[in-house]
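I opened a new page for this one. My notes follow in the order in which I looked things up.

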Amino acid sequence: MRIREAIAFVAVGGATALSMVPAQNAVASETRQYAVYLSYPAMSNEEGDCKPSNPDSIGILREGLRLQGKSSAEIEQAVDGVQRGDKRPDISMRGKLEGKTVDAYLYPFSVPDSQLSLVQGHVGIGFNLDGKDKPEDFVDPLTGERGVDNQLFRVLGCSRPWRAKIGEAGPYQLGKWEQTFESAPAWLIDISGIDSAENDDDVEVRVLLAKQPLARNALGTALAYLTFTADPITRTAGNVVHGSIKNGRLTTGKFDFYLPSEPQKQAEYGLRDARMRFEFLPDGRLKGIVGGYQDWRPLYITLALRRSVGEQSGSYDTPGHYYAFRKLADAYPDPKTGQNMYISSAYYLEAVPAFIAYPEPSQQLTRAQ
Amino acid sequence: MTSGPHMMSWSRVSKRWGRAVVFASLSAVMAVAQLIGPAEAQGVGGGATVRLLTQDEYRNVIADVFGTDIKLAGRFEPDLRVNGLIAVGAGKAGVTGSALEQYDNMARAIGSEVTDERHRVLFVPCAPKSIHDPDPACAKRFLAEMGELLFRRPLMDDELAYFVDSATQTTTHTGDFYTGLGFGLAGILSSPQFLFRLEVSEEDPAHPGLRRLTAYSKAERLSFLLWNSGPDQALLAAAKSGALHTKKGLDEQVERMLASPRLENGVRAFFTDMLEFDQFDTLGKDTTLYPNYTAEVAEQAKEQTLRTIVNLLVRDRGDYRDLFTTRKSEMTARLGSLYRVPVSPRDGVIDAWTPYEFAPDSGHAGIITHASFLALHSHPGQTSPTIRGKALREVFLCQKVPDPPATVDFSRFNEATAARTKTVRERLQMHSESPVCAGCHRITDPVGLTLEKFDTVGGFRAIENGTPIDTSGEMNGVKYEDPVGLGAALHDNKSVPSCLVSRLYSYGVGRPPAAEESKWLSGELANQFAADRYRLPALLRRIATSDAFYQIVPTALSASVSSK
């Protein structure tokens with residue numbers, strides 16, 4: 001049995017104390033709170049799962065120059081220059097639209113589909129979001145669940161920034177979090193009503209945004225047991241879901257997950273029909289997965305905003321990903337065109353223990369208005 | 001080693017006091033012996049001292065005279081701690097050649113910054129006839145004003161003439177009046193008269209046969225006791241007029257200084273010294289085991305205890321003994337991560353301080369349960385009840401716990417060889433098997449073991465290697481079950497306030513109390529402290545207005561020196 005508790009920091013005699021105010025006659029249950037220090041697309045790449053390999057940055061450059069109408073000699077001359085350390089030619093203006101040259105990042109459909117390689121195989125992390133076991137679905141090696149929907153893995157898993165084995169993050173992912181570690185507001189997870197961390201048929205999970213960023217400890221990783229102030233923005237108010245714990249693994253029901261983020265990482269994380277699962281680690285940390293259907297357009301925009309940096313340093317073909325998203329999107333079709341606008345996804349979440357200070361109700365009301 | 005005008009003032013002092021004053025370990029004994037002369041009568045008091053400014057004193061004087069935006073571009077040598085206090089060690093500290101070079105660098109940088117275009121309008125009270133030529137009259141005016149604040153007395157004529165001449169020569173050489181002025185100021189700042197607190201005594205007309213500090217030395221001792229800085233202009237004026245030698249004049253100055261916000265600086269400085277917080281500069285922790293212990297957290301741990309002290313003793317005029325029982329403190333969210341307690345970030349800033357009261361069941365009560373005390377007196381990766389017990393007895397009870405004999409085999413007690421034991425208490429039990437160890441460990445361990453529920457950095461823990469931690473203990477016949485009980489036992493221990501009285505007086509005079517002083521401190525002054533309900537400002541007032549604090553008794557000098 002779980003009991004919802006209203007938790008708020010209230011001033012008591014000039015001091016600050018954690019006050020737990022039961023909404024009804026409460027029995028003692030535990031609340032565990034966390035701050036997320038890392039989240040990245042859940043990959044499960046294996047040897048040989050991308051055939052043929054996608055072009056590297058030089059291959060992308062060659063194709064870009066070709067689309068710009070350069071001759072073979074000009075292309076090779078430019079490539080030689082880049083390999084000698086010359087500035088890389090700008091290939092952003094390689095699209096053609098109604099006879100005009102346009103920015104291929106902003107108008108990805110202005111260049112032909114480069115037919116990016118997509119991940120083959122059936123080992124994938126995530127959740128069976130639609131309750132079906134389809135040919136394109138995965139089996140989750142961590143839970144054994146069949147029919148796992150994670151087409152985002154197929155789209156990103158053949159490109160260098162994301163490609164990673166189970167439990168690992170691609171190099172690009174770690175870098176994104178490093179860039180915003182001490183500047184972007186932290187993500188918080190509040191799990192309440194825990195009667196047993198091993199087996200409990202009903203707990204409540206909230207995911208919300210902090211007003212403060214993470215801070216670093218002496219090892220350069222996230223400082224644990226820091227107190228964060230919850231930011232009561234209305235769009236995160238729906239991030240509340242019930243779940244249960246079986247044999248130490250917490251799994252939630254479905255809900256719509258939304259968190260704003262940094263454009264450096266991803267403008268926002270909005271997952272429909274989302275589910276989460278977590279494990280409480282012995283060192284106090286929380287590790288788990290959130291999966292759901294995600295609008296692929298903001299995802300593409302995140303890639304496009306990196307412009308030539310993504311193609312040069314990340315070695316990924318930006319417009320090529322646009323076509324891959326369109327092809328593998330698997331939910332929520334546009335009523336007019338029939339094009340699926342959402343793609344099944346899964347992200348790892350890693351979090352350290354933290355404390356969450358909730359604004360008093362009056363402050364929440366003010367913000368909501 | 002630098003040379004030139006700045007060093008000349010050292011040479012002049014050297015000629016006056018002997019070479020030992022300049023570069024060798026500066027012996028307070030030699031200098032004082034020349035200043036105080038023979039005594040004809042005895043009373044409560046002690047020797048005058050020659051004390052090197054501590055790092056904090058140097059910083060405070062510069063900030064008070066020139067403002068906090070003047071940067072100190074140099075490195076201080078570590079302060080010397082003697083008899084539990086840096087204030088006492090300062091009387092035995094010398095200046096090495098490299099330290100002198102650092103002082104000279106800082107002096108030049110300060111001199112240059114104070115006279116730059118941005119600051120000169122604030123400090124230079126006159127304008128030169130030409131900025132390219134010497135103007136001895138203007139230089140004299142500036143250097144006399146600054147010199148009085150920095151030497152804590154007016155400059156003597158030959159001193160002032162020397163610094164003005166230095167400024168004049170530099171202006172002639174560089175063609176810039178303010179460069180010369182800055183150089184003259186640097187000369188003052190690298191002089192022994194600035195770097196050392198040179199106490200001078202004179203015959204006491206009210207007590208024939210006795211000597212007292214001169215009015216300027218009196219002002220200096222008083223100011224550093226209450227404000228941890230040099231005298232301000234009002235105090236110097238009281239010294240100049242002789243008012244400081246009258247009861248009324250002294251009382252007025254003491255009351256003025258006790259009412260000043262700068263009293264907090266003085267109280268912080270004393271407790272920083274008494275609690276040995278300077279050792280945080282070299283304190284390291286095993287960051288793999290305790291990653292939350294960062295430089296910021298260490299600084300905030302110190303600050304938390306100092307804020308607790310200032311709040312209780314100065315702002316609330318509270319009972320000193322309550323420092324060992326109070327759960328009231330201040331906290332930041334970052335520091336809260338060390339204690340693993342929720343602290344709502346004030347204004348959303350994790351390093352902002354906010355009032356905080358430890359929960360009754362937190363185990364934290366009193367400053368001995370603060371991270372500052374617990375972390376400072378622990379090994380990098382594990383606790384040490386012996387070190388904590390020793391520190392508690394030495395710092396708060398003024399007891400001296402001997403160092404371990406050189407023949408002790410420590411391998412018997414470390415975790416690897418004592419693997420059959422689960423807790424530190426069990427390992428330390430082995431001490432009782434050794435008569436060589438048992439004597440001292442009976443004093444330290446029962447106290448330190450009570451703090452075992454706090455890990456190396458001050459975080460709370462209930463078990464060690466799966467075994468519940470037993471925190472019961474006993475001190476001087478008083479038994480208790482936990483740190484809260486230990487704090488209560490300290491609160492009621494008569495040695496605790498007596499120790500403070502002795503420490504504070506010793507801090508003020510810069511030496512261990514002489515024999516007669518010790519009797520007075522443990523008797524009359526300790527009783528007055530109790531009658532004043534253990535209020536620190538009242539104790540400061542008693543000391544600052546006492547005859548003993550300013551009385552120079554040469555025979556006591558030898559007593560204090562022999563107590564080294």
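**Entry 1: pairing in chain B.** I began with a definition: two strands pair if DSSP finds at least two bridges between them. I also noted that this is a predicted model. Then I looked up strand β4 (residues 211-213) of chain B. It pairs with β11(B) in the antiparallel sense, over two bridges. Within that pairing I found Arg211(B) opposite Ile552(B) in β11(B).

I then asked which sheet these strands belong to. It is an open sheet of three strands in chain B, in the order β3-β4-β11, and the pairing is antiparallel. β3 (201-203) and β11 (551-552) of chain B are at the edges. Each has a single partner strand, so one side of each has no neighbour in the sheet.

**Entry 2: chain B as a whole.** I listed the secondary structure of chain B next. There are 25 helices and 11 strands. Chain B has 564 residues, and 50% of them are buried. I also checked how far apart in sequence the contacts reach. Among contacts in chain B between residues at least 6 apart in sequence, 70% link residues at least 24 apart.

**Entry 3: one helix in chain B.** I picked helix α13 (residues 247-259) of chain B, which has 13 residues. From first C-alpha to last it reaches 18 Å. That is close to the 18 Å expected at 1.5 Å a residue.

Which residues of α13(B) are buried? I found Leu250(B), Gln253(B), Val254(B) and Met257(B). They share one side of α13(B), because they cover an arc of only 100° around the axis.

The face turned away from the buried side carries Lys248(B) and Ala259(B), which are exposed. Then I looked for what covers the buried residues of α13(B). The cover includes α11 (215-227), α12 (233-241), α14 (263-274) and α24 (536-544) of chain B.

**Entry 4: where the chains touch.** How many residues does each chain give to the contact? I noted 20 residues from chain B and 19 residues from chain A. On the side of chain B that touches chain A, the elements giving two or more residues are α16 (333-339) and β6 (354-357) of chain B. I sorted the residues of that side of chain B by type: nine are nonpolar, eight polar and three charged.

**Entry 5: chain A as a whole.** I repeated the survey for chain A. It has eight helices and 15 strands. Of its 369 residues, 42% count as buried. For contacts in chain A with a separation of 6 or more, residues 24 or more positions apart account for 63%.

**Entry 6: one strand in chain A.** Buried or exposed? Of its 18 residues, 15 are buried, so β15(A) is largely enclosed by the rest of the structure.

I went through partners of β15(A) one by one.

- Strand β3 (residues 30-41) of chain A runs antiparallel to β15(A), with seven bridges. Here Tyr40(A) stands opposite Tyr348(A).
- Strand β8 (residues 226-231) of chain A pairs with β15(A) in the parallel sense, over four bridges. Thr227(A) has Phe355(A) as its bridge partner.
- Strand β13 (residues 286-295) of chain A runs antiparallel to β15(A), with 10 bridges. Gly291(A) has Ala346(A) as its bridge partner.
- Strand β14 (residues 331-333) of chain A runs antiparallel to β15(A), with two bridges. Pro333(A) stands opposite Asn340(A).

I stopped at the hairpin of β14(A) and β15(A). It has six residues between the strands. Gly338(A) takes a positive phi near 80° there.

**Entry 7: domains of chain A.** I finished with the domain division. Domain 1 of chain A covers 31-51 + 114-368, and domain 2 covers 57-110. The C-alpha centres of the two domains lie 34 Å apart. Their contact takes 11 residues from domain 1 of chain A and 10 residues from domain 2 of chain A.

Which elements supply at least two residues on the domain 1 side? I found α6 (307-312) and α7 (318-328) of chain A. α6(A) gives the most to that side, with four residues. By type, the domain 1 side has three nonpolar, five polar and three charged residues.

Conventions:
Residues numbered from 1 in each chain as written. Chains lettered and ligands numbered in written order. Predicted model: local features only at pLDDT ≥ 70, side-chain atom pairs only at ≥ 80, totals over all residues. Contact = placed C-beta atoms within 7 Å. Nonpolar A, V, L, I, M, F, W, Y, C, P; charged D, E, K, R; others polar. Buried ≥ 20, exposed ≤ 12 C-beta atoms within 10 Å, placed from the backbone. Domains from an automatic or database assignment. Expected span 1.5 Å × (residues − 1). Arc of directions from axis to C-beta.
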